[in-house]
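Have a go at each task before you read on, and keep the model open beside you.

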Amino acid sequence: MKAANSMSLIKLANGKIYDPAHQVDGIVKDIFIRDGRIVNRPHNDEPITQTYDLTGKVVMAGAIDMHTHIGGGKVNIARMMLPEDHRGNEQAHTDVCGSGCGHAAPSTLTTGYRYAEMGYTAGFEPAILPINARQSHLEMGDTPIIDKGGYAMLGSDDFLLRMLTAKQDQNAINDYVAWTLHATQAIGIKVVNPGGISAFKFNQRKLDLDEHHAYYDVTPRDILKTLSRAVHELGVPHPLHVHANNLGVPGNFETTLSTMGASEGFPLHLTHIQFHSYGNEGDRKFSSAAAQISEALNNNKNISADVGQILFGQTVTASGDSMMQHLNANHANPKKSVIMDIECDAGCGVVPFKYRDQNYVNALQWAIGLEIFLLSNDPWRIFLTTDHPNGAPFTSYPHLIKLLMDKSFRDETFAKLNLDAQAMSTLSSIDREYSLYEIAIMTRAGAAKLVGLRDRGHLGADAAADITVYTDNADREKMFAKPDFVFKDGELVVKDGAVIKVTWGATHTVKPEFDRGIEKDLLQYFDKYHTIQLDNFKIGNDEIENNGRGKIIVQPCEGRREKSV
Amino acid sequence: MAPNQMKVTCPACSLLCDDIVVKLDEHQQSMKVIANGCAKSIQFFEQTVTDSKPTINGNPVDLNTAINKAAEILKLANQPLIAGLGTEVQGMRAIMHLADKTGATLDHMHSDATMRNTLVLQNSGWQTTTLTEVKNRVDLLLVIGTDIVSSLPQFFERIIWNESTLFEQDTSTREVIYLGGGKGLDTSAGNSPNGTQPSVINCENAQLPEVIATLNALINGKNLTTDKIAGINLVDLQSIADRLKCAKYSVITWASSAFKFGHSELLVQAITECVRTLNTGSFKFSTRSAGLPLTSGDGDSSVSNVATWMSGYPLRSSFKRGYPEYNPYEFTTEKLLSNNEADLLIWISSFKPVAPSPNSLANHKLPVIVIGHPNMQFEQQPDVFIPVRILGLQEKGLMFRMDSSVTLPLTQIMNSNLPSLSDVCTQIELALNNHESGK
């Protein structure tokens, strides 16, 4: 992780800095890097090893994708089932990079290179099935350059549902949640269709927020309330990451609005909220509820969201939500799908999709996502994602940024869409254009704060020197597609939009304290009902460190709350 | 755990049991399986390992000489084929690097069977489940074309006749149906602990396509005008269809290795279609069903997963153009050898002493490098043989279970002076670099 030349001092001179964590909005100043970290202006007598003249360039921290499916079982199934989507997207090996391929679900090497080439220096896998965590970390370990981490999925696992049914107290739940974070080397907790993945195994085909699970005495609301409180009380910085019930169902915005209240004030992050912002009005019984959702987001300061924008073209949806993906399989394109029940722990569903601009529903989905971006007024609580690859591959981010920053480009694109969808959207009446500062919040400072990365996403002293340098260009797509320079931990890894050096990033985790007594129950449970040993469920640090190539960074859990009475 | 005892993962079959208790003797030379083992795990853990050395044309050499010779041969090859691939995650990661660097083609010893499943995954997908779900949930197990226990000895005792389940099921009431499998099917493991015999409806596996097509039709509620299919009474198949529809959570399992006839991927697809229909059929939402593909072992799931995440493609794949390509029909060991397309075979088998098939080499003069189990015996000596540590016995590793959802650590239980497969691959790569830079 250290810079190649120890004790070297690098000067990035005269760049125009966008560093929202320090309220720096386009101010010209120098940045100094020593041993992979940003440092204050050094003494005049310290020799500068290398200076980059960045006059006229835009400088931001490395971008952070806080929700991207880059590693684990369902991603690998997506890769495996779509050879036709890889063809034509091959990457020959070079002196620097290994070969690979893929578009919607690229190989791990290609994923790392492509992210770095767009100025991203971290990505977080949002759906680590605890039982499958080893595979997730193996795949992320083979993803070069960028830092990574993941959110462990709870909420349809038998152990938790059993605890809730038995009305075990919050402290016991907190211990189990903390134990899961440790065992899976995760940095957050995710819940996917709370209770629904489990309910599907009992042949329930839908589960509303207040509907009872067929077997456990539990509703999704109970799960959300208990887990959001657990995450908060453990001091885990990232709020409970929620993929709500009823994904994709027309009229689901009401579930989403109710979900916002389900945590009773504890922080919640609602992910790919675009897929949960659908009304059921109009001739087609499918309409935009972006206005209602954005208004609720603006009013509820404990709620954050990422959008999960869809963009047109071929992609693949990979989700833990086996219940809803089983329904979505009817819309698969090409016509195939993989649906799995997994280990009384979770599930998954992989369904290829082709979003088409002349399709009414797809066109409106596109507009709904942008409406949410533009109507949400706090960029610290709304995040730029396509839910890669579910809405579109992450490589389309520069295009998405242009849509947000350039109204005329957005209007031109909108005017080409399905006419009925245009009639159902207010998009062209929205004048807002995102500023570079706001983009830097969404993709850097805000994302780092949300995930709980103390030393990333900003350019202050002692931050890791993950830095991206762009040439200012009115065509924002071109600008964000090809940075001039990307530094990862102080090392120049990308020049003129191409990888010139391959490094291996770190894995960010949290390790909140907990009462290890919970393991006694888990040990019995595993021995009796599972098919592996409890010890083998846990991922050791050495597995991620992988003979020195990987590294674990434990981010602090500040403000851990006292145990509740 | 008593002294010298440990609980380890067994790579001898793809069930990957991780609670095998083994005991080392005081000289750390031999081992006993103390608990939870089966015939296969005993054979694996209690094997006598030959004191083996690297060879060139059958003559013992030191490791460096063998590595350099291997690199020299590899350097001259235009179309190397790396086959066998009996390894786990870490070994396959090293092999992927070597393959990318040298433009090699990759094929696994069980690819014929694996491809029958992969092609279905890529054509229509499927709906499947995993072992812990089966253990706790299944109420009807339909076993197609196999008895399971010949390849996965403890399947029934661990997964079907387990004492307790999460959902208060009396496992002895679980129904087991064997369909097909042909001669020599051992259905004894399907006897319930309460004495209930399984239903056995046998036919040759080559007849299964018509039998499963019929079953699909019956599940779909079609009326058929015949009363026998492949020697099986239609009423028996109707009974299977009815029982599947009435089950709460049926599991349909198959071993694609047993389907040794042309285009048998279509049979796998027909089986998965039964599952699909049961979950979404006209009798909507009345039942849940899931498939359970049984794999062959020797690291097939591990190799397939690693190849997929590192290159984008599962096997059979090739780097001969400098980027990954996938061709399930052309990149087969048999074709590449018989068409003289490969000009070097690197054979890898580090779980079992499986040498490359002499038949496949009979008519060719191509050089052969073997990296594998120290006990390997050859009818025809390879140009280079490099014995490596046995994974799960002498070397740690990481292995995917048959259902791919679970990856488990393999333990190094005994010491060995041999290098690991990963080390050998890395050293060959280094030697290649040295050749290139003229050192």
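## Exercise 1: a helix pair in chain A

α5(A) passes α18(A) in a right-handed crossing; here a crossing is right-handed if the near helix is turned clockwise from the far one by less than a right angle, and left-handed if anticlockwise. Before starting, note that this is a predicted model, in which local features need pLDDT of at least 70, side-chain atom pairs count only at pLDDT 80 or more, and totals for chains, interfaces and linings use all residues. Residues are numbered from 1 along each chain as its sequence is written, chains are lettered from A and ligands numbered from 1 in the order in which they are written, and side-chain values use heavy atoms, with hydrogens and water left out.

**Task.** Describe the packing of α5(A) and α18(A) by angle, axis distance and residues.

**Solution.** 
1. Locate the helices: α5 covers residues 158–165 and α18 covers residues 518–529 of chain A. Helices (H or I, at least four residues) and strands (E, at least two) are DSSP runs, numbered from the N terminus.
2. Take the geometry: the angle is about 115 degrees and the axes are 12 Å apart. Axes are lines fitted to C-alpha atoms, for helices over the stretch in contact, and angles run from 0 to 180 degrees between N-to-C directions.
3. List the contacts (heavy atoms within 4.5 Å): D158(A), F159(A) and M163(A) of α5(A) meet I518(A), D521(A), L522(A) and Y525(A) of α18(A).
4. Sort them by class: this contact has 5 nonpolar, no polar and 2 charged residues. The nonpolar class is Ala, Val, Leu, Ile, Met, Phe, Trp, Tyr, Cys and Pro, the charged class is Asp, Glu, Lys and Arg, and the others, Gly among them, are polar.

## Exercise 2: two sheets in chain B

**Task.** Which strands stand at the edges of the open sheet of 9 strands in chain B, and why is one side of each left without a neighbour?

**Solution.** 
1. Write down the order, β5-β4-β20-β19-β18-β6-β7-β16-β17 (chain B), with mixed pairing. Two strands pair if DSSP finds at least two bridges between them.
2. Read off the edges: β5 (59–60) and β17 (325–326) of chain B each have a single partner strand, so one side of each has no neighbour in the sheet.
3. Look inside the sheet: β6 (residues 80–86) and β7 (residues 105–106) of chain B run parallel and are joined by 2 bridges, with I82(B) opposite L106(B).
4. Turn to the open antiparallel sheet β1-β2-β3 (chain B), where the edge strands are β1 (5–8) and β3 (31–35). In this sheet V21(B) has A35(B) in β3(B) as its bridge partner.

## Exercise 3: the interface

**Task.** How many residues of chain B and of chain A are in contact, and what area do the chains bury?

**Solution.** 
1. Count the residues: 64 of chain B touch 58 of chain A.
2. Give the area: about 5300 Å² is buried between the chains, 52% of it on carbon and sulfur atoms. Buried area is the accessible area (1.4 Å probe) that two parts lose on being put together, summed over both.
3. Find the main contributors in chain B: L166(B), R288(B) and W309(B) lose the most area to chain A, together 13% of what that side buries.
4. Check the charges: the interface holds 4 salt bridges, each a side-chain nitrogen of Lys or Arg within 4 Å of a carboxyl oxygen of Asp or Glu. One salt bridge links the side chains of R288(B) and D341(A) (2.8 Å, N to O).
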